[in-house]
Amino acid sequence: MTDFLTVGSRRYRIHTADAPARLPYSLRVMLENLLRHAAPAEQVRALTGWRPDAARTAAVDLHPARVFLHDTNGVPVLADLASMRDAMAALGGDPASVNPAIPAELVVDHSIIADVFGRPDALARNADREYERNAERYRFLRWGQASLRGFTVVPPGKGIMHQINVEHLARVVMTRGEEAYPDLCLGTDSHTTMVNGLGTLGWGIGGIEAEAAMLGQSVSILVPDVVGVRLHGELPVAATATDLVLTLTELLRDHGVVGKIVEFHGPGVTALPVTDRVTISNMSPEFGSTAALFPIDAETIRYLRFTGRAGDHADLVEAYARAQGLWHQPDAPPAYTADLDLDLATVVPSVAGPRRPQDRIPLEGVKDAFRAQERPPVAAEREITHGTVAIAAITSCTNTSNPSVMVAAGLLAKKAVERGLSAKPWVKTTLSPGSRVVMDYYGEAGLTPYLERLGFTLAGFGCMTCIGASGPLVEEVSKAVAEHELDVAAVLSGNRNFEGRIQPEVRSNYLASPPLVVAYAIAGTMDLDLTTEPLGTDPGGEPVYLRDLWPAPEEVRAVIERVIRPEMFARAYADVLDGDERWQRLDVSSSATYPWDPASTYVRRAPYLDGMSPEPPPVTDLTGARVLVKLGDFITTDHISPAGAILPSSPAGRYLAGLGVPRHQLNTYASRRGNHEVMMRGAFANVRLRNQLAPGTEGGLTAGFLDGGAITTVYEAARAYQEAAVPVVVLAGEGYGAGSSRDWAAKGPALLGVRAVIAKSFERIHRSNLVGMGVLPLQFLPGQGPDELGLTGREVIGVTGLTALDGPRLPPTLTVTAGDVTFQARLRLDTPREADYYRHGGIMPYVLRGLLAAARRSR
């Protein structure tokens, strides 16, 4: 029903329901969304009747309040929208009807690379190179800003999208006219969940799903399980928010929260500042959950005021949360599907690695864990050897949004310099915060010179090392790695350390708090117990231990209270949409359709809608398919579609070289996501991917069975299959598609002819992306899998029963034949809307046909 809320002199219309008293906070937000958009009664009942122990079969259609994007995912989204405008014009419709129906905000933060480091001009030189590489992409973004209504772009150099969201963009409660409603924020980056720490419900979706949402389509999801995590106690003196989130990642991965929402509650929440909460919520994708919500409370309101939000808006957020049952009640938690408990006092200093965020190692165990790994022998006297720290990066919104760990890093650096310590010369040290506010309070506190003395000069305001834009290693390290097959390490204050993600030459990657990043830069090796062995010696020959440098909590708190003020945020965000003179100088077209440059190596018209018919074709069974790749467990979207540097020897590198692009301008896959020719060649091209069809190899290789099983690149094999009109499938194990919400991990395989992926289990966003591209996700039944069924990957594959998708009911399983083996696989089209997408060949043709039909009805 409709109710009214008065805040100061304003009166707002709100939508309320008689929700069960113990309904989780996240489901209350979803219920309001359904009521406000007049959803069918059965969807409303699915939430009002939610029970912790009930089976989850109902789907609901949610309408986000806004869509949130970054440049490397936003460019292909914009390219798809521009291509849809072309297709609309070709089919006789109005191209301007392809236009955002809700606010869409894009932050340019993923393109700057840490080429230059450790020198005063690093920021300026990296920014110059960013524009040299990406000016064409940035002109394209400016075209979108000029041509699409409601499309806002935050230019380069302002910070990282999720930190900007938390510190400035997030409303928590939105208003439109006299209506107030929750800020349901869905983004094309999986770490959109960071805003959950501010009490805003949001999560990552694929770029193609974001396009549909921008065009007014609802997002269909199964009503989720909600897992409650009760926090109590206090963090020990030596533990940080980073240690806490690594502990929670380990705990929740072990419990299993994929496809579920996590809510934090209890007295421990009250004691956590928002800056700690957003660190935890940021890593929701690493523990696998859809979202990780901290409910709104007094600390939320304090943070809104502190970061410069208007006082009357903070009053509205509090009044709305109390009126809608969204205000945290630590002594009266909701009912949850499962209840977990964590005593904050049990958290210890830790790192996670060397390949997965959930593999937490207590700091005292790092040396033993490192030595337990098998590696080729090297000469004992080598200075650069196994375990050498090649990269130490204070990076990522995960931790640079948190002044407590950032100030701790600065104070540790100050103490280290005062004791005469320095970073090892082979360590590439970078500082890339997610907000300009960080450098303001570092400067105010006098900590910047000490960080710079250790090599942590400002390299840029952007994701950089966290997303693999880490640039080249120190030359002598790179040479040693190549000559001796060394396993060198990166230590970063980020959220992901998947194989091949951070830097192609670095095999072991560890997540750590910013002060530990500084400590490892000084130590220069992972083959050290920081709890008992010295980091180095002072000029007098005395050993210096980590405990000698670690700042006390009261030291950190005193600096924060002395230097960080609300006006810092107001000053940092006053010109957030303006851009520098380089941005302003970019020439831009304001035409309704984009003037594609056929010679472009960055932005090309997407081919997904070529030859599209006004009506969807009938669904047919899959016959005569071959296996393109057979993969193991925990294959991430980085494995499927890498983000980092394009190697000259790769199919994408050779393609660009054939177009005259010099080696030093190949750039990254992330920067070229607007070019399908590059990205389809990059599918399954991660340098650490191990394909069981090409045993003993790493990288994008497979056996092409059209030519007798010869080993070739995945791209070349796929093209041969396409030329012979042979469809292909992917076989995989558990957790297929973990990690980023990377739509190219679905787009690339789709363009290579992949018709189906058959896996033991899927991560939520990637499964959705596959459906959005018309690729069929099938799941092995419990106890089954490629190896359990004896599949080699050399079989001819068929899938029958697909014609039933044209009927009124979705079949729970389909029949798969693989050579002489026949088995049932679970159909993972989880909602009726997803079945519609699949029947149409994906979201884009579905939406475009809907727009055409609406235009015909209005005539």
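V728 lies opposite V754 of strand β28 in a predicted model, for which local features require pLDDT of at least 70, side-chain atom pairs count only at pLDDT 80 or more, and totals for chains, interfaces and linings use all residues. Residues are numbered from 1 along each chain as its sequence is written, and side-chain values use heavy atoms, with hydrogens and water left out. Helices (H or I, at least four residues) and strands (E, at least two) are DSSP runs numbered from the N terminus, and two strands are taken to pair if DSSP finds at least two bridges between them.

Both strands form part of a closed barrel of seven strands in the order β24-β27-β28-β29-β32-β31-β30, with mixed pairing. On average, neighbouring strands of this sheet are turned by 40° against each other, direction ignored. Helix α27 (residues 714-723) packs on the sheet and touches β24 (622-630) and β27, its direction making about 170° with that of β24. Contact here means heavy atoms within 4.5 Å; axes are lines fitted to C-alpha atoms, for helices over the stretch in contact, and angles run from 0 to 180 degrees between N-to-C directions.

A second sheet is open and comprises four strands in the order β14-β13-β12-β15, with parallel pairing. Strands β14 (291-293) and β15 (338-343) stand at its edges with a single partner strand each, so one side of each is left without a neighbour in the sheet. Helix α7 (residues 241-255) lies across β12, β13 and β15, running at about 150° to β15.

Helix α1 (residues 25-36) contains N33, which is buried, with a relative accessible area of 2%. Buried denotes under 20% relative accessible area, exposed over 50%, and partly exposed the range in between (1.4 Å probe, protein chains only). When residues up to four places away in sequence are not counted, N33 touches D61, L62, H63 and L184.

Burial also marks two further elements. Strand β19 (residues 428-432) has five of its five residues buried, so the strand is largely enclosed by the rest of the structure. In a regular strand, side chains alternate between the two faces of the sheet. Both faces of β19 are covered, with K428, T430 and S432 buried on one side and T429 and L431 buried on the other. Strand β18 (residues 389-395) runs parallel to β19 and is joined to β19 by five bridges; A392 stands opposite T429. Helix α5 (residues 161-169) is mostly covered, eight of its nine residues being buried. Among the buried residues of α5 are M161, H162, Q163 and L169.

Helix α5 also contributes two or more residues to the lining of the second largest pocket, as do α9 (274-282), α11 (298-306), α15 (403-418), α16 (436-445) and α21 (553-563). On a 1 Å grid over the protein atoms alone, a cavity is a set of points where a 1.4 Å probe fits but cannot get out, a pocket is an open set with protein on both sides within 12 Å along at least five of seven lines, and lining residues have an atom within 4 Å of a point. Grid points are joined across faces, edges and corners, and a volume is the space filled by probe spheres set on the points. The second largest pocket has a volume of about 1,100 Å³ and is lined by 41 residues, with P273, D276, S404, R557 and I560 nearest its centre. The greatest contribution comes from α21, with five residues. The lining of this pocket has 26 nonpolar, eight polar and seven charged residues, where Ala, Val, Leu, Ile, Met, Phe, Trp, Tyr, Cys and Pro count as nonpolar, Asp, Glu, Lys and Arg as charged, and the others, Gly among them, as polar.

Six cavities of 30 Å³ or more are found. The largest cavity has a volume of about 210 Å³; of its 23 lining residues, H110, D189, H191, I467 and R501 are the closest to its centre.
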